[in-house]
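Biologist: Hi! Could you walk me through this model?
Modeller: Happy to, here it is.

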Amino acid sequence: MTARVPQFHVDSEKFLADQERVGWHDGALWHLRYKRDLATQVVPDWEKLRDQAAAIKAHVLDHIPTLLSQFITNAEAAGWVVHLAPEADDLKRIVLDLLQKNGVTKAVKSKSMLTEECGLNHHLEANGVEVVDTDLGERIVQLRHEPPSHIVVPAIHLKRGEIGELFHEHLGTAKGEDDPIRLTRAARADLRKRFIGAQAGLTGVNFAVADSGAIVICTNEGNADLGTALQPLHIACMGVEKLIPTAADAGVFLRLLARSATGQPITTYSTHIRGPDPTRPGHQAHLVIVDAGRRRLFADDEHRRALSCIRCGACLNTCPVYRRASGHAYGTTVPGPIGAVLAPAMIGTAKAKELPFASTLCGSCTNVCPVKIDLHDQLLSWRRRLAREGHVPFSKRFAMKIGAQALSYPWLFSLGGKIARTFWGLARKGIPGPHAGWTKHRDLPPAPKQSFRGWWKSDGQNQGNPTNKDQDHG
Amino acid sequence: MDVHLFVPCYLDQVHPEVAMATVTVLRRAGCTVHYSDQQTCCGQPMANTGCADDAAVLARRHLDLFAGKTTVCPSGSCTSMVSHHYHDLGLRLSATDEKTMHRTFELSDFLVNVLGVTDLKARFPHKVSLHQSCHGLRELGLGVMSERRDPPKLGPAEVLLAQVEGLTLVMPERRDECCGFGGTFAVAEADLSARMGHDRCDQLSQGDAEYMTGNDQSCLMHLDGIRKRRGKGPKAIHLAEILACQ
Ligand code: SF4
C-alpha cells in the first residue's frame with residue numbers, strides 16, 4: 001500500500017464538492033452492479049458457487065505453506081525462475097535487478113494491484129526504466145500521474161471530456177475530441193508501438209495453480225498477452241494469497257470473477273502461462289512471490305479471510321459510500337469496503353484508523369462478494385480493535401462512555417430526555433450545538449410533548465390489552 | 001400471547017408515536033403487551049463505534065431485564081443488535097441470554113412469521129414506497145436481498161402492506177439501497193450521509209409516492225429530515241403507524 005496516510009473525511013469532501021460528478025459516478029458504478037445482477041441471475045445455483053469458492057479459499061488459507069512449496073516445485077519444473085520477496089522493497093529490488101541485468105530500458109506492464117501497492121513503477125522510473133501501463137484505464141491514470149480510483153476500472157472517476165483533453169495533450173488527438181471509439185483507437189495505436197518497443201513485460205497474477213505451476217492472468221484487453229508474447233523477458237508478480245490447489249478450482253473462480261466485476265460471463269482473455277515459451281529461444285520467465293505484510297493478516301484469525309479477495313471490485317461497485325466518495329478518498333491502492341478491511345492490517349491501525357468508519361455497515365458488500373468475505377462484520381470488528389488500541393477519537397469514546405453510564409440509569413435517561421426535548425425547539429431554530437452535524441442538512445422532527453414511557457404511565461398501560469374474544473385474527 | 005415491548009431509546013424520547021402505534025398493532029393482533037420503564041438503550045451506538053466494553057454494560061442490563069421473555073421491537077437494527085451482535089461484545093452469555101436474544105423479534109417479522117397475522121384490518125388510502133432498512137434486511141433477512149439469488153420470498157413488511165385497504169405499494173428501482181444514516185456516520189460524515197439521503201429520497205419518490213415507510217425510524221428520521229429541508233418528497237411514516245390506521 002502507498003505510504004501516505006489516508007484522510008477519508010477530507011478527501012471525500014473534495015470529491016463531494018462536485019455534486020454533478022458524484023451523481024454521474026454513482027450512476028456509472030451502479031450500472032456495473034446492475035449488470036452483475038443480470039449476469040448472476042442466469043447462473044443456476046449462484047449462491048452455491050459462492051459457497052464453493054469460499055470453501056476453496058478457506059482451504060487455501062489453512063494450507064499456504066504446503067501449497068506454496070508444491071507450487072514452487074511445479075513452477076520450477078516448468079521453467080519458471082522463482083523469487084521470494086518478503087517485503088515490498090524486495091520486490092522492487094528483484095525486478096530492477098532483473099531488468100538491469102538484461103539491459104532493459106523500456107518495459108510494459110499489465111494491470112497489477114500488487115505492484116501498485118508496492119510502488120514498483122515509481123522505483124523503476126527513478127532508476128531509468130520506462131514503464132508503460134497497458135491497461136487503458138491504468139494508462140489514463142498513469143498519464144495523469146495519479147493512482148487508480150478503482151481496482152477494475154481505474155479511471156472511472158473521470159469524464160470523457162477529461163480523457164479527451166489528456167489524449168490531446170499526450171497523444172495528439174484533435175482538441176475537443178471526446179468520442180470514446182476514436183480516443184480508444186488513439187490509445188491503441190500508441191500502445192502498439194510501446195508493446196513492440198519494450199524489452200520486458202511485467203504482469204500480475206490472478207491465480208497460481210499449485211499442482212501444475214501455471215499462472216492464470218485475466219484481462220479484457222488482451223494487454224497481458226501482447227505484453228508477454230512479444231518481449232524476451234516476462235516477470236510475473238503475485239501475492240502469496242493467489243495460490244489455488246488445482247486448475248479445476250480456477251474454473252470456479254473464472255465463473256465468478258467477471259460476472260461479479262462487470263457482468264460479463266468471463267473475462268475476454270483468461271490466459272494460462274506455464275513457464276517460458278519453448279518455441280522462443282532465450283525466452284525467460286520469472287515469478288516473484290510477494291508477502292509484503294500478508295503474514296500479519298494470516299496470523300490474525302479475526303481478519304485473515306480478507307486475503308481470499310479475488311479483486312473483482314463488486315464490493316466497491318455496490319458500496320453506497322464508495323460510489324459517492326470515489327476511490328481516491330480512501331488513500332490506499334485498494335479502496336472501498338475491501339480496501340478499508342485490508343488497510344489496518346497492511347499499513348497499520350494508526351494510519352488506517354478512519355477507514356473502517358467510512359461505511360454505514362449496510363452489508364451490501366458482504367452479499368455481493370463472490371468469495372463471501374463478511375466485509376461489513378470485518379469493518380465492525382476493526383472498529384473494536386481501533387477502539388481497544390486507542391485510535392478512536394477521544395471525543396467519540398468519551399461520548400460513548402458517558403452515554404453508557406447515563407443509559408445505565410433509567411431515571412437519568414428520562415431526565416436527559418426531558419431536558420433534550422425542552423432544548424429541542426432551540427436546536428430546530430438553528431441554534432448551534434452538538435446537533436450541528438445533524439442539522440447541517442436535515443430538519444429535526446418536532447419535539448413530542450411526552451415520551452413513550454410518560455404516555456405508558458398515564459394512558460398506555462390503562463387502555464387495556466385485548467380479551468380473548470378480540471383474538472380472532474391472532 | 002404475552003409480549004414485552006422493547007422500545008429503542010430514541011423512539012421513546014423523540015418518536016413515541018411509533019411505539020404507541022406498535023402497542024395498538026400488537027393488541028389488535030391479540031397480544032397482551034407488557035412494558036418495563038427500566039429499559040433504556042440496547043448499546044448499538046457504542047457497539048458500532050467500536051466501544052464494545054461500553055456496549056457490553058448496556059447489553060448486560062438489557063439481557064437481564066428481558067431475561068427469557070418474548071420481546072418485540074419496532075426497529076430492525078435494534079433487534080439485530082440484540083439478536084445478532086450481542087455475541088461480539090465479549091460477554092459471557094448464559095443459555096437464558098441466548099434464549100432472550102433468540103426470542104427478540106422485529107415487529108413485522110413477529111406479526112407474520114410468529115403470530116401468522118397478515119391482515120391487521122388497517123386502512124391507508126395512499127401511494128406508499130417502502131424503504132427496506134439494511135440491518136433488518138441483510139442481517140435479519142426481512143425481505144428479498146437484491147444482491148443474493150435466494151428463492152424469492154416476500155418480506156413481512158411487504159406481506160403486511162399488501163393487506164392494507166386502499167394502499168398502493170411502489171417499490172423503488174433500487175430496491176434496497178442504503179439511505180446513508182449509519183448511526184454516528186450521519187454526523188461524522190454528515191455531507192456524505194446527506195448526499196446518500198437525498199438520492200434515496202429521490203428513489204423513494206418514484207411512482208409519485210406520497211409516503212415512504214419502513215421498519216426503522218432512525219433511517220426514516222434521517223430521510224424525513226432531508227425531505228423537510230429540501231421541501232419535496234414523500235413523507236416518512238413508520239410501518240407500525242400505517243398498520244395502526246383504520
Ligand atoms: S472483497 Fe469480495 S467483492 Fe470485494 S473485490 Fe474482493 S472478492 Fe470482490
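**Domains, chains and ligand**

Modeller: Let's begin inside chain B: domain 1 and domain 2 of chain B bury about 2,100 Å² between them, with 64% of that area coming from carbon and sulfur atoms. Buried area here is the accessible area (1.4 Å probe) that two parts lose on being put together, summed over both. This is a predicted model, where local features need pLDDT of at least 70 and side-chain atom pairs count only at pLDDT 80 or more, while totals for chains, interfaces and linings use all residues. Residues are numbered from 1 along each chain as its sequence is written, chains are lettered from A and ligands numbered from 1 in the order in which they are written, and side-chain values use heavy atoms, with hydrogens and water left out.

Biologist: How many salt bridges cross between those two domains of chain B?
Modeller: The rule finds 0 salt bridges between domain 1 and domain 2 of chain B, counting a side-chain nitrogen of Lys or Arg within 4 Å of a carboxyl oxygen of Asp or Glu. On the side of domain 1 of chain B that touches domain 2, the residues divide into 11 nonpolar, 16 polar and 4 charged. In that scheme Ala, Val, Leu, Ile, Met, Phe, Trp, Tyr, Cys and Pro are nonpolar, Asp, Glu, Lys and Arg are charged, and the others, Gly among them, are polar.

Biologist: And where are the domain bounds in chain B?
Modeller: Domain 1 of chain B is 2-114 and domain 2 is 118-244, with bounds from an automatic or database domain assignment. Their C-alpha centres lie 21 Å apart.

Biologist: Switching to the two chains, how many residues of chain B are in contact with chain A?
Modeller: 79 residues of chain B are in contact with 85 residues of chain A, contact being heavy atoms within 4.5 Å. The two chains bury about 6,900 Å² between them, 57% of it on carbon and sulfur atoms.

Biologist: What's the salt bridge count there?
Modeller: There are 12 salt bridges between chain B and chain A. One of these pairs is B:Arg229 with A:Asp443, whose closest N and O atoms are 2.7 Å apart. Helix 11 (residues 190-204) of chain B supplies the largest share of the side of chain B that touches chain A, 9 residues. Helices (H or I, at least four residues) are DSSP runs, numbered from the N terminus.

Biologist: How is chain A divided?
Modeller: Chain A has domain 1 (4-42 + 310-392), domain 2 (68-292) and domain 3 (398-455). Domain 1 and domain 2 of chain A bury about 2,400 Å² between them. A:Ile310, A:His328 and A:Thr333 lose the most area on the domain 1 side, together 25% of what that side buries.

Biologist: A:His328, okay. Which residues does A:Glu146 contact?
Modeller: Setting aside neighbours within four places in sequence, A:Glu146 is in contact with A:Val141, A:His157, A:Leu158 and A:His328. A:Glu146 sits in the loop between helix 8 (136-143) and helix 9 (160-171) of chain A.

Biologist: Last one: what surrounds the ligand?
Modeller: The shell includes A:Cys309, A:Cys312, A:Cys315 and A:Cys369, and also A:Ile310 and A:Arg311, where each residue has a heavy atom within 4 Å of the ligand. By class, the shell has 10 nonpolar, 1 polar and 1 charged residue.

Definitions and conventions:
Helix = DSSP H or I, 4+ residues; strand = E, 2+ residues; numbered from the N terminus.
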